[in-house]
Amino acid sequence: MKNIDSYTHLRGESLFVDDIITRQDTLYGLVFDSPKAHGKIIAVNYAKAEAVHGVIKIFTYKDVRGENQIGGIIPDEPLWAEKEVHFQGQPIAFIVAESEQIAKKARKLITIEIEELPIITTAKEAKAKGSFINAPRSFNLGDTASTFKKCKHVFSGNTFSNGQEHLYLETQGAYAIPMENGNIKIISSTQGPTSVQKMAAQVLGIAMHKIEVDVTRLGGGFGGKEDQATPWAVMAAVAVQYLKKPVKFILNRHDDLRMTGKRHPYDATFKIGLDKDFNILAYDVEFLQNSGAAADLSPAIAERTLFHATNSYYIPNVSSIVHSCKTNLPPNTAFRGFGGPQGMFVIESAIAKAASELKINKRIIQERNLLVENDTFSYGQIATQVEMKNTWNTAIKDFELAKIESRITKFNNENTLFKKGIALMPITFGISFTNTPMNHARALVHIYQDGSVGVSTGAVEMGQSVNTKMLQVAYKTLGVRSKNVKLETTNTTRVANTSPTAASATADLNGKAVLKACKILKNRLKKVASKLLKVDEKEIRFKKNEVIVNGELTALTWKQVVSQAMLDRVALTENAHYVTPKIHFDKTKEKGHPFAYHVYGTAITEVTVDCIRGVYEIDAVKIVHDFGQSMNLGIDIGQVEGALAQGIGWMTMEEIAYDKKGKLLSNTLSSYKVPDVFAAAKEVAIIPLETQGNKMAIKKSKAVGEPPLMYGIGTYFAIQNAIKAFNSKHVIKFNSPFTPEKVLISLYED
Ligand code: MTE
Ligand code: LUZ
Ligand code: MOS
């Protein structure tokens with residue numbers, strides 16, 4: 001089934017926040033943000049801005065009737081700065097005017113005096129100064145200290161991986177509308193409608209039921225709208241509470257780049273110990289997460305770094321620790337992979353370092369240590385239904401790795417100024433919110449009296465095609481035609497108290513709820529049909545709007561059954577609640593079984609480096625991926641391709657840069673390079689692994705949103721191998737992204 005949005009997308013008819021028809025009296029918002037990264041606010045002068053014709057009001061923390069607080073995990077983030085500022089781009093005031101142009105003009109007239117305080121921009125500096133968000137977390141297995149003494153080989157090193165801009169095509173934004181009795185409706189481009197509702201209620205000082213949040217779809221989120229869609233929606237709501245007029249606020253790209261957080265940069269140090277057969281016996285790792293100026297989702301992201309610190313390997317002795325370091329940058333936030341990629345880059349670096357020192361192929365160490373059935377993760381979960389080696393061996397066999405390698409060797413022998421490199425990248429990613437209480441969802445299914453169906457869930461459509469999957473679950477379960485089912489907007493008054501659309505778990509959680517609701521409705525209608533046909537309800541099946549008895553079509557239709565159900569006063573609406581069974585985690589012990597299951601895969605990446613210029617091309621990425629029993633391979637392959645491109649971008653060209661003053665230098669699309677069609681791999685081959693799938697996944701179709709991003713990590717090591725083929729003296733480093741500048745330096749250093 002095609003993505004149900006493709007028709008309107010192609011015709012430009014799909015609705016995003018900025019496409020909603022505005023009410024005539026709509027006003028427009030714009031944020032005035034801090035020009036300094038750290039300091040005391042001495043004075044702000046709004047007089048000139050307020051005097052601009054068409055400026056209605058400038059809102060500050062003084063206008064907050066509830067709490068000036070939007071911190072989710074830790075209440076450490078004011079909506080608008082009060083006495084101090086902690087990062088460049090921190091919102092201080094909200095200008096509401098008759099037009100965006102007027103607001104922009106007014107913004108230029110605001111003057112501010114700040115007494116500057118010392119600025120921290122890196123995690124290392126923060127650690128040295130003891131600047132943290134919270135206490136460190138640590139996952140441990142076995143005993144690394146005594147094991148290192150027994151290891152034949154021990155290597156250590158350090159790594160850095162940089163942040164990443166989400167660059168959703170649709171920037172952040174919201175439209176808030178006054179309803180009667182002080183109620184407010186907010187149309188928001190958010191992955192977390194309930195977070196917007198909850199924070200708006202908290203800041204406005206009103207009950208949650210007075211706020212309705214509605215989401216049609218997002219032009220991309222990638223984690224950037226899990227938490228950070230909230231402030232803009234809340235600001236608009238504060239203005240509505242005061243002015244009783246609709247307020248629209250869409251960030252322009254420049255403001256969005258400057259004011260929002262990104263993927264967390266990580267510094268790390270590692271120590272890895274191996275025996276004579278290259279079994280990894282011990283791994284010690286310390287992560288320094290650059291969290292930015294407030295917690296946002298950093299503690300949860302730090303935790304997931306620990307969950308994925310050993311990637312796809314079984315290591316019997318692990319000690320891992322992560323510090324969330326407080327710096328004067330915009331609070332960094334969720335980004336596809338949620339700390340997992342940062343953890344995996346370090347273990348891959350450690351293995352690369354060991355292989356380089358031992359002068360063996362990295363693949364030998366990787367392969368020896370791949371996870372197998374019943375291995376224990378550092379967090380105590382026992383690995384079951386492990387497909388790691390299955391994907392690895394299939395990739396080697398089906399993509400004929402031996403042939404690729406000999407072709408590369410031949411090429412490198414015959415060419416002096418171009419060198420090729422190859423790397424294998426295994427991935428293992430845990431599915432479920434690591435915070436167990438968040439693993440729940442609801443679906444509200446209406447069958448209308450004409451037989452058509454409306455489905456509401458907590459899932460937010462953001463391009464990942466979750467609505468198409470929900471529709472597939474509904475029409476197949478009910479036994480109607482796909483055209484009979486419509487996916488409604490995501491709305492907090494229809495489906496309440498939702499977890500954000502995140503953790504790749506949305507289709508599983510909401511899909512299971514849809515399945516449950518539809519099964520109940522179907523059984524109710526079977527009773528009605530059984531009365532009409534005078535056969536046992538067990539004999540009845542619905543398929544494509546037909547009623548089938550013992551495999552034979554009957555004259556009865558779905559529509560007739562629904563009409564009869566109306567006459568019989570049968571409920572044609574069902575609300576179902578799903579919670580992921582079996583999962584648990586004990587934070588006091590840092591042990592448990594947090595994930596419903598894991599997703600596995602292997603990528604083989606080939607690159608060619610131009611050894612005069614330092615530029616490179618990605619020749620091919622060949623992937624064997626564990627989709628389980630995919631319910632929509634077209635969509636799932638699209639997710640792999642998109643995530644791969646994003647992972648390659650993170651590892652190679654996307655270079656976030658702040659200066660020492662905490663000013664974002666990569667603040668335009670000419671100074672921040674995202675992968676385009678030329679940067680994409682010239683060949684992407686994806687083989688779906690043939691497996692039984694997992695019962696915990698919706699229709700045994702495994703979650704796919706985030707895991708394939710980590711295939712991109714293979715690119716870093718493929719480039720490294722190409723450099724080695726040119727410059728044997730090159731001492732490998734782990735400092736991503738591997739930009740052409742860095743490649744060029746590596747090619748010629750001795
Ligand atoms: N795909 C598109 N096209 N746009 C997005 O914003 N977000 C990714 C992934 N795929 C995203 C995407 C992220 S970060 C997550 S967590 C998952 O989709 C969320 O959706 P799912 O849980 O339905 O997989
Ligand atoms: N968000 C979250 C996530 O709140 N918890 C998670 O475990 C998670 N994992 C991936 C992406 N977003
Ligand atoms: Mo995705 S980082 O869970 O929004």
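1. How do the residues of the shell around ligand 1 divide into nonpolar, polar and charged? The shell holds seven nonpolar, nine polar and two charged residues. In this count Ala, Val, Leu, Ile, Met, Phe, Trp, Tyr, Cys and Pro are nonpolar, Asp, Glu, Lys and Arg are charged, and the others, Gly among them, are polar.

2. On conventions: this is a predicted model, in which local features need pLDDT of at least 70 and side-chain atom pairs count only at pLDDT 80 or more, while totals for chains, interfaces and linings use all residues. Residues are numbered from 1 along each chain as its sequence is written, chains are lettered from A and ligands numbered from 1 in the order in which they are written, and side-chain values use heavy atoms, with hydrogens and water left out.

3. Ligand 1 has 18 residues around it, the closest being G221, F222, M462, T506 and Q639; a residue is near a molecule or strand if one of its heavy atoms lies within 4 Å of it. A nitrogen atom of ligand 1 lies 2.7 Å from an N or O atom in the side chain of Q639. For Q464, an N or O atom of the side chain is 3.1 Å from an oxygen atom of ligand 1. M462 takes part through a polar backbone atom, 2.8 Å from a nitrogen atom of ligand 1. Taken alone, ligand 1 exposes 520 Å², of which the protein buries 92%; accessible areas come from the Shrake-Rupley method with a 1.4 Å probe, and for residues only the protein chains shown count as cover.

4. Around ligand 2 stand E226, R304, F338, F433, T434, M438, A502, A503 and E706. Five of this shell are nonpolar, one is polar and three are charged. A polar backbone atom of A503 is 3.4 Å from a nitrogen atom of the ligand. Ligand 2 exposes 290 Å² when taken alone, and the protein buries 97% of that.

5. F338, listed in the shell of ligand 2, has a positive phi of about 55° although it is not a glycine. The residue is in the loop between β15 (317-326) and α10 (340-358). Helices (H or I, at least four residues) and strands (E, at least two) are DSSP runs, numbered from the N terminus.

6. S736 and P737 are joined by a cis peptide bond, with omega about 5°. P737 lies in the loop between α18 (713-726) and α19 (740-748). Most residues other than glycine have a negative phi, and most peptide bonds are trans.

7. An open sheet of eight strands with mixed pairing runs in the order β3-β5-β1-β12-β9-β10-β11-β20; two strands pair if DSSP finds at least two bridges between them. β3 (55-59) and β20 (490-491) are at the edges with a single partner strand each, so one side of each has no neighbour in the sheet. Four bridges link β3 to β5 (residues 91-97) in the antiparallel sense, and V55 stands opposite A97 in β5. Helix α3 (residues 100-108) packs on the sheet, in contact (heavy atoms within 4.5 Å) with β1 (27-33), β3 and β5, and its direction makes about 25° with that of β1. Axes are lines fitted to C-alpha atoms, for helices over the stretch in contact, and angles run from 0 to 180 degrees between N-to-C directions.

8. A further open sheet has three strands in the order β21-β22-β23, paired antiparallel. The twist averages 40° from one strand to the next. Helix α15 (residues 506-533) packs on this sheet and touches β21, β22 and β23, its direction making about 115° with that of β21.

Conventions:
Polar contact = N/O pair within 3.5 Å; in protein donor to acceptor, adjacent residues only side chain to side chain.
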